[in-house]
Amino acid sequence: QLQLVESGGGLVQPGGSLRLSCAISGFTLDHYAIGWFRQAPGQEREGVSCISSTDGGTRYADSVKGRFTMSRDNAKNTVYLQMNALKPEDTGVYYCGIDLGYLTCRFTESTYDYWGPGAQVTVSS
C-alpha cells in the first residue's frame, strides 16, 4: 500500500525555520520523483520544490529559492524540506507527492499520483 505522511509543521515566527519530513511506505523512494506543494487558504496548490530520481537534482519555486532546501534519505525512505527565513506568505498546508510515471520532477500537480494528508505551516508573529 502506497502511503505518504508529512510531519514537522507548526507555528513559527517570521524569520524562523522548520523542517518538514515526508515518510513514504509501500515503494522505494529513490526510484521516483518527489515533490512538495503547498496551498494557502483560497488559493490553488502550487509547487514549492521537487527532487528527481535520475540524479537527485532539485528544483525550487522562485518564491522560495535560496531559503528552502529539499533532500532525501533513501535508507529511511524519507524526504525533507528545510525551510529557513520563513515569511508570512509561506503559510499554508504543505503536501508531499510522488510521480510514478516520470523520473524527472516538475511543478505540474496533475502528474503526481499519490499525496500525503498535508502538514500545516503557519508563519505569524
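Me: How many helices and strands does the protein chain have?
Reply: This is a predicted model, in which local features need pLDDT of at least 70, side-chain atom pairs count only at pLDDT 80 or more, and totals for chains, interfaces and linings use all residues. Residues are numbered from 1 along each chain as its sequence is written, and side-chain values use heavy atoms, leaving out hydrogens and water. Helices (H or I, at least four residues) and strands (E, at least two) are DSSP runs, numbered from the N terminus. By that rule the protein chain has zero helices and eleven strands.

Me: Why does the radius of gyration of the protein chain agree with a compact globule?
Reply: The radius is taken over C-alpha atoms, and the globule rule is 2.2 Å times the number of residues to the power 0.38. For 125 residues a compact globule would have a radius near 14 Å, which agrees with the value for the protein chain, 13 Å.

Me: What share of the contacts with a separation of 6 or more comes from residues 24 or more positions apart?
Reply: Contact means heavy atoms within 4.5 Å. In the protein chain, the share from residues 24 or more positions apart is 60%.

Me: Is Pro41 buried or exposed?
Reply: Pro41 sits in the loop between β4 (33-39) and β5 (46-51). Buried means under 20% relative accessible area, exposed over 50%, and partly exposed in between (1.4 Å probe, protein chains only). Because its relative accessible area is 73%, Pro41 is exposed.
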